[in-house]
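User: Please take me through the strands, the aromatic contacts and the backbone of this protein, one question at a time.

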Amino acid sequence: MPSTTGALPVRRSRTRRMGESAYGLMLLAKQVAVALIALIVLAAGVWASWGTAQHAMLTKGREQGTFRVESCGDDWCTGVFVPSGRPSESRSGMRLDAAVADGKGDRLPVVVKPGTRQTVRTGWAGVLHAWVPLGGSLLLAAVIVAGGMRFRRTGWVLGGLGAVLLGASFATLL
């Protein structure tokens, strides 16, 4: 293509072109690595949440009832589980996460984790509380995406979703 200034076009050397290609490849590798880290963080949040969320969300076929809180420690509350639906006996010594209970005398709808003495709160409060680890991983992934990948809008969206999830969980547990 002829130049309008009258000068001949300058060709870059093969070494310079390879260097530019290598730099572009390094930038691409960095973006892929940071995206992979963000995906691992999000997958860890889903994995950590699903262990409880499956019981809170998929209650059909599980033993459902009411949990009456008798005492609470730092992490767990103990109490009596009264089944609903099928005729069966109440069981004492059952456990419930202390974060979802207000204290002694509280009555909450729960489902029993099969094969354990642990119960999981059901309803909106239980479902949102079960997904709290995902909310935290969304906040962490937002920082990774916005800072590492320079996708600020995507980072804001991820952070906003995480904040909404954590805020909704807090609001329903009041």
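User: Over how many bridges do strand 4 and strand 5 pair?
Analyst: This is a predicted model, in which local features need pLDDT of at least 70, side-chain atom pairs count only at pLDDT 80 or more, and totals for chains, interfaces and linings use all residues. Residues are numbered from 1 along each chain as its sequence is written, and side-chain values use heavy atoms, with hydrogens and water left out. Strands (E, at least two residues) and helices (H or I, at least four) are DSSP runs numbered from the N terminus, and two strands pair if DSSP finds at least two bridges between them. Strand 4 (residues 107-112) runs antiparallel to strand 5, and the number of bridges is three.

User: How many bridges join strand 1 to strand 2?
Analyst: Strand 1 and strand 2 form a hairpin with three residues between them. Within this pair, S71 stands opposite T78 in strand 2. Strand 1 (residues 64-72) and strand 2 (residues 76-83) run antiparallel, and the bridges joining them number seven.

User: What kind of aromatic pair do W50 and W131 form?
Analyst: Rings of Phe, Tyr and Trp (its six-membered ring) pair if their centres lie within 6.5 Å; planes under 30 degrees apart count as stacked, over 60 as edge-to-face and the rest as tilted. W50 and W131 are 6.2 Å apart centre to centre, with 45° between the planes, and the pair is tilted.

User: How many residues apart in sequence are the parts that this pair ties together?
Analyst: W50 lies in helix 1 (residues 14-57). W131 is in the loop between helix 2 (123-130) and helix 3 (132-148), so the pair ties together parts whose separation in sequence is 81 residues.

User: Is W131 buried or exposed?
Analyst: Buried means under 20% relative accessible area, exposed over 50%, and partly exposed in between (1.4 Å probe, protein chains only). W50, at 37%, is partly exposed. W131 has a relative accessible area of 16%, so W131 is buried.

User: What is the phi of R150?
Analyst: Most residues other than glycine have a negative phi. R150 is in the loop between helix 3 and helix 4 (152-172). R150 is not a glycine, yet its phi is positive, at about 65°.
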